[in-house]
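Dear colleague,

I am handing over the structure below, together with notes on what was found in it. Please read the notes with the coordinates open beside you.

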Amino acid sequence: MIHPEIFEILLWFAVFVAASVLSSPLRLQSRLAAVQQESAKNRDQPPVIYTPWRLLLGPPSRPAIVLFLTFAASTLLFPLLPEALHPSGDHVRAWNLFWTAVLLFNATEGVSRLYYQSRSALYPIPDLLFSILRFFFVSGSALMVFSFVLQVNVSPILTSTAIFSAAVGLAVKELLVDLLDGLIMHLSRSVVPGDWIALEKLEGEVLATSWHETRIRTTDGFIYVVPNTQIARAVVHNMTWPDPVRRHSLFFNVAFGESPREVETALVEAALNHPEVRTSPAPDAYPFEYKESSVVYRLRFWSPTYFDRGKLQGIISRNVWYQFKRRRIEIPLPVSGHAVFSLLGRERRMEDRLPVVEQLSRSDFVNRLLTDGEGRPLITSEQLAEFTGQLRKRIFGPGEVIFRQGDVGEYGLIVLSGRLACEVRHEGGGQTVVHEEGPGGLVGEISLITGLHRTATISAVEETEALEVNRDSLALLFEYNPEIPGIISELASARAARSLGELEKMQAEKDAEAALSIRPENILKRLLKFSRWQRTPRGIGS
């Protein structure tokens, strides 16, 4: 026959396991709510609202079920057992008092969490601190039950516990230091999950903090486990608290002969071309240092992604190269055999490219706009060469914004290579890609011809070379053949109607003005008038 004390231990253990299993859904829901509330508090976000039962019933569910199962066992099971296996009355009373104390503590937790949620406030006690409080309360309750109910002298237990704690403390001194540092970190909230921190040579996002360690994931996906002591004793740069906006600095070498104003403008425009760069505070640039063969300029700008700055700064450095290329700003090269060889190779690659006139003659621009219905050219090869000579070649990098919707347009572009995306932005913040233009495409002509503001935002999908068309070069093209203004007016009218059709919530007067401006006959009149005005200085016409 089984020993009564062993049977009693097995009975209480079975009650505890059954209560744990039955209460696990409620406790998991409550735990999830606590973790999400803690995360919202760490990120200074509004509290997450949950149904009251998740907060109120989760914490006290296990002790409540333990007490219920104990009562059921006492009522239904004990009468069926032999007298020798009946648990002692003092043991049952001690068991019930202990779990009643735990029930009161956990119920207080549930009520307090529900109270703070009803006030739309975050729970003030960190999860780690609450776990420590729970541990001491449960331990104290157990000792009091042993002392006052079971009449057990707990002094030897406390003495042996103190001696054991001292011995363990000496053996695991570093672990205890980590524990205290972790507790201080939780109380001060200097480092919490979700923060991006820089710790000596390590930068990354804090995934979790425990009593002993902190887990950090870098931007490359590597996970590091750092003892809390190392974090507590180091100078930590928190890159996301109280907000993630930080200032970047990039440095560029420029030749001595370049205008500072032109260089500074190019640098600022390169930064503003990226959507993550803040316009307030605005980017700025200035000469930072003079070297033997160059002037060093500093570009400063603000963004909310400083913690992942490598890619952003690389894209802006690329934008600077394209800005310098378009503005013919010289970047000095070191005079070495390798540099000279690379430069000569670059020049050879440039020479291998087709001449601009030949590129243009083979493009859709000539085939669509400078050819009649039977495929005959409307201008001669000499006229095409003269027209091309009036155009300025420009190069744009991937992602660069060339035209912005709503800006005043003073020139258009003929695409030589690459692709441009034309997008219409709605007033409500939506965005619709209208179409893309490849080699031979003409963009920006609507504002140039009609006088309207830009009806679409145009950006480079990939590295794109284009020819800049202004009023002078357009007027020269119209002089070659009277059919050309009509063809371009039809193209501009159709494209403007398509772009304006995508716009929503435009003001009535702007709508009416735009509708009149994009009619083919009005565009043609404007083109003819514009062409005659441009011809006057050349001595053609009255």
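Helices α9 and α10 are oblique to each other, because their axes cross at roughly 140 degrees, and an angle has to be over 145 degrees to count as roughly antiparallel. The model is a predicted one, and in it α9 spans residues 260-272 and α10 spans residues 309-327, with axes that come within 8 Å. The crossing in which α9 passes α10 is right-handed. On the α9 side the contact is made by Glu262, Val263, Thr265, Ala266, Leu267, Glu269, Ala270 and Ala271, and these meet Ile316, Asn319, Val320, Gln323, Phe324 and Arg327 of α10. By class, the residues of this contact between α9 and α10 comprise eight nonpolar, three polar and three charged.

A second pair, helix α3 (residues 61-77) and helix α4 (residues 89-118), also has axes that come within 8 Å, and here they cross at roughly 155 degrees. That angle is over 145 degrees, which means that α3 runs roughly antiparallel to α4. The crossing of α3 past α4 is left-handed. From α3 the contact takes in Pro63, Ala64, Val66, Leu67, Thr70 and Ser74, while α4 brings Val92, Trp95, Asn96, Trp99, Thr100, Val102, Leu103 and Asn106. Nine of the residues in the contact of α3 with α4 are nonpolar and five are polar, with no charged residue among them.

Of the residues in the contact of α14 with α16, four are nonpolar, two are polar and one is charged.

Most residues other than glycine have a negative phi, and most peptide bonds are trans.

The bond from Trp241 to Pro242 is cis, with omega near 0 degrees, and Pro242 lies in the loop between β5 (236-238) and β6 (246-254). The bond that joins Ser280 and Pro281 is cis as well, with an omega of about 0 degrees.

Glu200, which is not a glycine, has a phi of about 55 degrees and sits in the loop between β1 (196-199) and β2 (202-209). Its relative accessibility is 64%, and because the threshold for exposed is over 50%, Glu200 counts as exposed. Arg328, likewise a residue other than glycine, has a positive phi near 60 degrees, and its place is in the loop between α10 and α11 (337-352). With a relative accessible area of 61%, Arg328 is exposed too.

Val401 lies in strand β10 (residues 401-403), and it is buried, because its relative accessible area of 19% is under 20%. Leaving aside residues up to four places away in sequence, Val401 touches Asn273, Thr457, Ile458 and Ser459. Val401 and Ala270 are 131 residues apart in sequence, yet their C-alpha atoms are 9.6 Å apart in space. His435 is found in strand β13 (residues 431-437) and, at 13% relative accessibility, counts as buried. Between His435 and Ile458 the separation is 23 residues in sequence and 10.0 Å in space, C-alpha to C-alpha.

Finally, some totals for the whole protein. The secondary structure comes to 19 helices and 16 strands, and buried residues make up 42% of the 542 residues. Among contacts between residues at least 6 apart in sequence, 72% join residues at least 24 apart. The accessible surface of the protein comes to about 29,900 Å², and 60% of that surface belongs to carbon and sulfur atoms.

How values were computed. Residues are numbered from 1 along each chain as its sequence is written. This is a predicted model: local features need pLDDT of at least 70, side-chain atom pairs count only at pLDDT 80 or more; totals for chains, interfaces and linings use all residues. Side-chain values use heavy atoms; hydrogens and water are left out. Helices (H or I, at least four residues) and strands (E, at least two) are DSSP runs, numbered from the N terminus. Buried means under 20% relative accessible area, exposed over 50%, partly exposed in between (1.4 Å probe, protein chains only). Contact means heavy atoms within 4.5 Å. Accessible areas come from the Shrake-Rupley method with a 1.4 Å probe; for residues, only the protein chains shown count as cover. Axes are lines fitted to C-alpha atoms, for helices over the stretch in contact, and angles run from 0 to 180 degrees between N-to-C directions. Angles under 35 degrees count as roughly parallel, over 145 as roughly antiparallel, 65 to 115 as roughly perpendicular and the rest as oblique. A crossing is left-handed if the near helix is turned anticlockwise from the far one by less than a right angle, and right-handed if clockwise. Ala, Val, Leu, Ile, Met, Phe, Trp, Tyr, Cys and Pro count as nonpolar, Asp, Glu, Lys and Arg as charged, and the others, Gly among them, as polar.
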